[in-house]
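Please look over the sequence and the structure shown below, then read on.

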Amino acid sequence: MIDVKKYITTIGILVAILILGTVIVNIFISSLAHIFGLLINILVLSIIIVIIFSTIVTYNIIKDKKVSYSLMKINLKIANLLFNSVIFIASSIGIPKNEIRKIYVKLNNTYIYNNKYNFNYGDIIILVPHCVQKNSCKLKVTNKIENCAKCGLCNIGELIKLKEKIGINIFIATGGTLARKIIMENKPKAVIAVACERDLISGIQDMKHIPVLGVFNKRPNGPCVDTFIDIYEVESAINFLTGKKISTKGECF
Ligand code: SF4
């Protein structure tokens, strides 16, 4: 569940900081250089207008209202520029960073879902975090997912069945460095990344040259332990990127 109010509150504080900063600068420079003060005011006013524009577009996207493709694209670029400042302000006022990260993943996914793709299964990589594997399982699946015995205690078995049915590439990444290495070596045309909010954001920001659809893992046992995946979310991401349809049993038609 995305709480857009927390995002708007954070943006409101960012705008207030900009206005306050400009007032202070004006007080100090008014007697020094009039033209310099004017330029500062125009610059800050432009930034505030851009931020307000981006917030309105973001709000509409989060509320699943219709937004044109080009506005989405522009907004995604602005949101990426604002990301670090917004995260910093949010955490300073006690808003969990994940609330903001969820907004950015939604902006990214909505933008991708407004494109049209026709990839082959082999063009796509699914990246899964290691914490999806049952904590008590002793099998080493990180280097070779096929080592899984498909006992059904975690999602890894279901993912292998999917891989066997449609030939999609699935890798388990123990961290961002390994995920980047997998992408560099396999050169996919698209990625379906399953991860927590923090890892999804860093993956999406790292791979701007290809579409990366983010899927949140579920964490009923807290972070990094026995997390699980809604396999239907992964299947619908595959269906979208390939333009084909996998049934709930992993069969294509
Ligand atoms: S499905 Fe079973 S065997 Fe495979 S990784 Fe999960 S717990 Fe281990």
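At what angle do the axes of helix α3 (residues 69-92) and helix α4 (residues 97-113) cross, and within what distance do they come? They cross at roughly 170° and come within 10 Å. That makes α3 roughly antiparallel to α4; angles over 145 degrees count as roughly antiparallel, under 35 as roughly parallel, 65 to 115 as roughly perpendicular and the rest as oblique. Axes are lines fitted to C-alpha atoms, for helices over the stretch in contact, and angles run from 0 to 180 degrees between N-to-C directions.

The model is predicted: local features need pLDDT of at least 70, side-chain atom pairs count only at pLDDT 80 or more, and totals for chains, interfaces and linings use all residues. Residues are numbered from 1 along each chain as its sequence is written.

**Overall layout**

The secondary structure comes to eight helices and four strands, where helices (H or I, at least four residues) and strands (E, at least two) are DSSP runs numbered from the N terminus. From that end the elements run α-α-α-α-β-α-β-α-β-α-β-α. The C-alpha trace spans about 75 × 35 × 35 Å along its principal axes. Of the 253 residues, 31% count as buried; a residue is buried if 20 or more other C-beta atoms lie within 10 Å of its own, exposed if 12 or fewer, and partly exposed in between, with C-beta atoms placed from the backbone. Among contacts with a separation of 6 or more, 62% join residues 24 or more positions apart; two residues are in contact if their C-beta atoms, placed from the backbone, lie within 7 Å.

**Helix pairs**

Two packed helices are described by the angle between their axes and the distance between the axes. The table gives both values for two pairs.

| Helix pair | Angle | Axis distance |
|---|---|---|
| α1 (residues 4-29) and α2 (residues 34-62) | about 175° | 10 Å apart |
| α3 (residues 69-92) and α4 (residues 97-113) | roughly 170° | within 10 Å |

Helices α1 and α2 are therefore roughly antiparallel to each other. Their contact involves residues of α1 including Ile8, Ile11, Leu18 and Ile29, and residues of α2 including Phe36, Ile40, Ile51 and Tyr59. By class it divides into 17 nonpolar, six polar and no charged residues. Here Ala, Val, Leu, Ile, Met, Phe, Trp, Tyr, Cys and Pro count as nonpolar, Asp, Glu, Lys and Arg as charged, and the others, Gly among them, as polar.

Between α3 and α4, the meeting residues include Met72, Lys73 and Phe83 in α3, and Lys97, Glu99 and Tyr104 in α4. This contact has eleven nonpolar, four polar and three charged residues.

Helix α2 also holds Ile52. Is Ile52 buried or exposed? Ile52 is exposed, because 12 other C-beta atoms lie within 10 Å. The C-alpha atoms of Ile52 and Ile229 are separated by 35 Å, and the two residues are 177 apart along the chain.

**The sheet**

Strands of a sheet pair through backbone hydrogen bonds, either parallel or antiparallel. In this model, four strands form an open sheet in the order β2-β1-β3-β4, and the pairing is parallel; two strands pair if DSSP finds at least two bridges between them. The edge strands are β2 (169-173) and β4, each pairing on one side only. From one strand to the next, the twist averages 20°.

Strand β3 (residues 190-195) is joined to β1 (residues 124-129) by four bridges. Ile124 has Ala190 of β3 as its bridge partner, and Ile126 stands opposite Ile192 in β3. Five bridges link β3 to β4 (residues 212-216). There, Val191 is partnered by Val212 of β4, and Ala193 by Gly214 of β4.

In a regular strand the side chains alternate between the two faces of the sheet. Both faces of β3 are covered, with Ala190, Ile192 and Val194 buried on one side and Val191, Ala193 and Ala195 buried on the other. Strand β4 has four of its five residues buried, so it is largely enclosed by the rest of the structure.

**Helices across the sheet**

Helix α6 (residues 176-186) lies across β1, β2 and β3 and runs at about 150° to β2. Helix α8 (residues 231-242) lies across β1, β3 and β4, running at about 165° to β3.
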